[in-house]
Amino acid sequence: MVGWVDTIVQGVLLGGLYALYATGLSVIFGIMRLVNLAHGDVMVLAAFLVLVLSTAGINIIVAAAMVAPIMFVLGYALQSLVLNRTLGRDVLPPLLITFGLSIILQNALLELFAADSRRLHVGALDTASLALGGGIAVGIMPLICFLMAIAVIMALDLLFFRTALGRAFRATSDDAETAQLMGIDNRAIYAIAMGIAFLICALAGVFLGARANFDPSIGPARLIYAFEAVIIGGLGSLWGTLAGGIVVGLAQTIGAHINPEWQILAGHVAFLGVLVVRPRGLFPRAAD
Amino acid sequence: MEAGIDGSAAPSPAPRFAVTTTTRLSSVGAIAAVGLVGALVVLPAFADRRLIQDLFFVLTMLVLAQSWNLLAGYAGLLSVGQQAFVGLGGYALFALTIMAGLDPAVAVVLSGVIAGIVAVPTAFIVFRLQGAYFAIGTWVVAETMRLVLAQVKQLGGGTGTSLPPAVTGAMVGLDTVRRLFDVRGSAARDVIAYWMALTLAVLTLGSIYALLRSRRGLALAAIRDSELAAESCGVNAFRTKFFVYVMTAILSGSTGALIYLQKARISPDAAFSLLDWTADVIVIVVIGGIGTLEGPILGVLMFYALQTYFAATATWYLMLLGGVAIALMLFAPRGLWGLLSERFDVQVFALRRTLLTSTVLDEEAGARTSEKP
Amino acid sequence: MALLETHDLTAFYGHFQALYGISLTLQEGETVAIIGANGAGKTTFLKTVAGLIKARPSAVQFAGEHIGSRPASDIVRRGIALVPEGRRLFPSLSVEENLLVGGYVSRHAGPWGLERVYQLFPALAERRDAPATALSGGQQQMVAIGRGLMSNPKLLLCDEISLGLAPIVIRDIYAVLPRVKAQGTSLLIVEQDIIRALSVADRVYCFQEGRVTLSGHPQDLTKDAIHAAYFGL
């Protein structure tokens, strides 16, 4: 019994990590109907940047704080210099461009860092855990990660619903042409949105690197988990994405509990299952 | 003009129209194509083994490229999961030959059919998604198949397996080829695989061409331009797209079976490789020109040249590919053939439907009658 | 110097030409109406002035500056706001949020703000938190006009604000325009309802198939002249 409760707790916490992976993806798709196929690789890039800084002796939290704005700028630049040139109805160009970017990132990281497994160390927090009684313990880092996911979503909620910029985002998402009539430059909006997504990737990258070993090739798998979380949760809803992440996390840990080889497959099966019975996801936005 | 009953002039004859697709270039192209295929058939008598193997690669990639192009360029369904059916076809071949003892040639055909059958339920799942999310959905389907097949111990599980000599030595026609071209067993196998690939390529091009010339092909073009408008004309978009999806799966599955028959060794990671069966294919189609039949042919040749020249350093080569993809999308989204055909307004495959009016039809009829003795 | 001047303005949708050289002037404080049948190019003209469709820089002059090729988001900053055809409210935003978005561009302060707009359209104040598209057609039109006013434009472009509304509602909406004028905003309205247009405008232009076929003061235009210009007979 304890085994099952523990599995569920771990699953929920893993869901927080996946929600963190998925939030940036969800924001980008919500505002500009664009999917960044290099999303996972961007997180891995962030993890490597933090690794480089922390190996140089910088405290990991400070390193993360330094990497975050760098990632924002990278995302802003990618959108305004490259992706903004492919705005329009055709889905192929942004898909193929981000796909090419994914391949370039993976191989560039491979050239720079080789294929060795790496890990971000947070000192004592690496293995610290909190006892919840009844024989259940949760790792501190996974717990912080889960809370971070919630904090990020709350911050985005605040941004979207309480600020002028947020209104501009939502207006652009609704009707980009009419938003221009309000004085909103949709190119700048898209660039800021991509910058925000990259910023979240930076945070996600830290937890990705601290939780388990990473190497240049693990990006695409993370993209898939993020994507599954977004679809299960329902398009257009950030809290839905959190729920979706938890569903994927739970599916994976329960699958692993039954047979360790089934972990990832269980996640895919859950995704495909949700797609069959509730194609719009668990918490889709009413208007779409 | 004769006077009508009420004294008015007879009405001019009702205008007649006919639709044609033949152009001068396409007629020339058709003759050249027959000649080319003939030459390719007898090639093994003159060429060395290396060339046959290279051509096998070119032909199989051509089939995959035309399949992906049909799905993405004509039906507007961008898939990043074609490797699902390539891998499935490969594993089906291994299963049918090793476990059911079927002749490899028969198994190749059956593998394609199996891939088509599996495509049916997966279509219902992935068609619930649109655009970029459809693409990733197809990827998840491929990943799922990879993970499931990695659990099948009889086919080697996660590390894969090889075709036993009992199978590789049992291909029909093996002895004939050995004697005919005076080559060893494995080279003979390559020749047979090459002929099968040639057959598959010709069948693929032929069937896609036939499809595009048919009413269904017209429906496809309409859907690609505007699904809503097409549906209001009575086109059933779902059924048309579904048909193309299954057809593509059959083609990819057959190709996968053929590829892994030739390799004689399979593993889940290789059979379901995104890079080999989707990424490379996409680059091929995009370089050549998406949404045209000529494009993938050009693309495959260019890709072959790229690979031969660059294969040495894997990471830099891949980064180059990625850069090429990005540059193409930004500066030449319609690929090489797109640039050529725009500049010179040419089409080798006769697909553009031209409307001939009464005057032209009359002229042609007149020219023909004047030739009669 | 006129507030708005267009010189031989042409506009295209791809290869299709929609406007064939429109020359129009609007003086500060004036209300100018454009009438014409469907497809005459009225909406295209407004969209070009508003910057949604590109033109030659010198083809459109506003307050002395060439704005023909400037993007829409820049033109709002200069003081031209468009109330688009069909209202085009943002469905994810509430009534108040739609109004606030209209004021996204903070031009030099002007008479219009949230409270002023609610005074103009009291019905909106009661439903300020409702999703904008849940309102009736007439109320949605009020939101659209209010949204346009929030940027404190010198010139307000109104594209068919009576479209799809009951006569009594149209009357209420048009009743508001004099108060808008009183604050110093000039108006360029496109209207299918000829009587309505003639009654509210200082000057009228008639478009037909992308060209100006008639212009002048309402009192100087005969019914026959308008008829001919409207239908191109």
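Hi everyone. The contact draws 30 residues from chain A and 29 residues from chain B. Please keep in mind that this is a predicted model.

Let's look at the chain A side.

Helix α2 (residues 39–55) of chain A and helix α4 (residues 92–113) of chain A have axes that come within 9 Å and cross at roughly 25 degrees. Angles under 35 degrees count as roughly parallel, so that is what we call α2(A) and α4(A). Their crossing is left-handed. On α2(A), the contact is made by Asp41(A), Val44(A), Leu45(A) and Phe48(A), and on α4(A) by Ser102(A), Leu105(A), Gln106(A), Leu109(A) and Phe113(A). By class, these residues are six nonpolar, two polar and one charged.

Over to chain B for another pair. Helix α8 (residues 185–213) of chain B packs with helix α11 (residues 237–263) of chain B at an angle of about 170 degrees, their axes 10 Å apart. Parallel or antiparallel? Roughly antiparallel, for α8(B) and α11(B). The crossing of these two is left-handed. Among the residues that meet are Met196(B) and Leu200(B) in α8(B), and Leu251(B) and Leu258(B) in α11(B). The contact of α8(B) with α11(B) has seven nonpolar, four polar and one charged residue.

Methods:
Residues numbered from 1 in each chain as written. Chains lettered and ligands numbered in written order. Predicted model: local features only at pLDDT ≥ 70, side-chain atom pairs only at ≥ 80, totals over all residues. Axes fitted to C-alpha atoms, helices over the stretch in contact; angles between N-to-C directions. Helix = DSSP H or I, 4+ residues; strand = E, 2+ residues; numbered from the N terminus. Parallel < 35°, antiparallel > 145°, perpendicular 65-115°, else oblique. Left-handed = near helix turned anticlockwise from the far one by under 90°. Contact = placed C-beta atoms within 7 Å. Nonpolar A, V, L, I, M, F, W, Y, C, P; charged D, E, K, R; others polar.
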